[in-house]
Amino acid sequence: MVGKKLLIIEDDMDLREGLRFSFEGDGYEVFDVGTRREGQQEIKKGSYDLVLLDCNLPDGTGFDLCREVRRFSMIPIIMLTARDTEMDEIKALELGVNDYLSKPFSLGVLKARMKRILNEKAETAYLCSGNIVIDKSTCKVYKDEEEVALSKLEYRLLMYFIENKNHVLSKEQILSQIWDSDGKYVDNNTVSVNISRLRMKIEEDASNPKFIKTIHGVGYIWKE
């Protein structure tokens, strides 16, 4: 699909190169890596439309990577594996992969499943709550139809809040969504400061917030 960015995380170089050649011929912009760590770093950049993830990697499993990624991103993932067992498929789906294919697989079937997932993603490109609209395809945020400039951290916080609206989120849960460039957690004070900044930008009255409510001693909740 023209203009779509695809990330392949696969340690088999021959398979990686074959997939890349085929997908680039279809108009995808393709990037590929061979380890779990490299894959996680690329996904954190937030610029990909879909990930093809091998189950067995030299520095960990696709299961581990999927578990880590789902803490901060809902990017579509198709897992590719030579381990053709029902339990592995169930585990992958429970961890949040969008689809699962056993090797060897049909390239035509893989492409059809990718197209379906990308079409579904396009249909859910907007996230709305009250007068706040997020265009997930461009990572832009609008308040009363006026664009609001948010930092990457503020955008991630806003997405996490709205995707979990009307649910109390502990400080620990929120903290797990905020990573620095080295993959380390930031501290509680940084979370509070960024929530305060986000309130200043999206609330009518930051001192009396309508959306981001503080639950003292517990955390925060996005009220809709």
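Q: At what angle do helix α2 and α3 pack, and how far apart are their axes?
A: This is a predicted model, in which local features need pLDDT of at least 70, side-chain atom pairs count only at pLDDT 80 or more, and totals for chains, interfaces and linings use all residues. Residues are numbered from 1 along each chain as its sequence is written, and side-chain values use heavy atoms, with hydrogens and water left out. Helix α2 (residues 36-44) packs with α3 at an angle of about 25°, and their axes are 10 Å apart.

Q: Which residues of α2 and α3 meet there?
A: From α2, Arg36, Gln40 and Ile43 meet Asp64, Leu65, Glu68 and Val69 of α3 (contact means heavy atoms within 4.5 Å). The residues of this contact divide into three nonpolar, one polar and three charged.

Q: Turning to α4, which of its residues are buried?
A: In helix α4 (residues 86-95), the buried residues are Asp88, Ala92 and Leu95 (buried means under 20% relative accessible area, exposed over 50%, partly exposed in between, with a 1.4 Å probe and protein chains only). They are on the same side of α4 because they cover an arc of only 65° around the axis.

Q: And what covers them?
A: The cover of the buried residues of α4 includes α3 (62-69), β6 (77-81) and β7 (99-102).

Q: Which exposed residues are on the face turned away from the buried side of α4?
A: That face of α4 carries Glu86, Met87 and Glu94.

Technical notes. Helices (H or I, at least four residues) and strands (E, at least two) are DSSP runs, numbered from the N terminus. The arc is that of the directions from the helix axis to the C-beta atoms. Axes are lines fitted to C-alpha atoms, for helices over the stretch in contact, and angles run from 0 to 180 degrees between N-to-C directions. Ala, Val, Leu, Ile, Met, Phe, Trp, Tyr, Cys and Pro count as nonpolar, Asp, Glu, Lys and Arg as charged, and the others, Gly among them, as polar.
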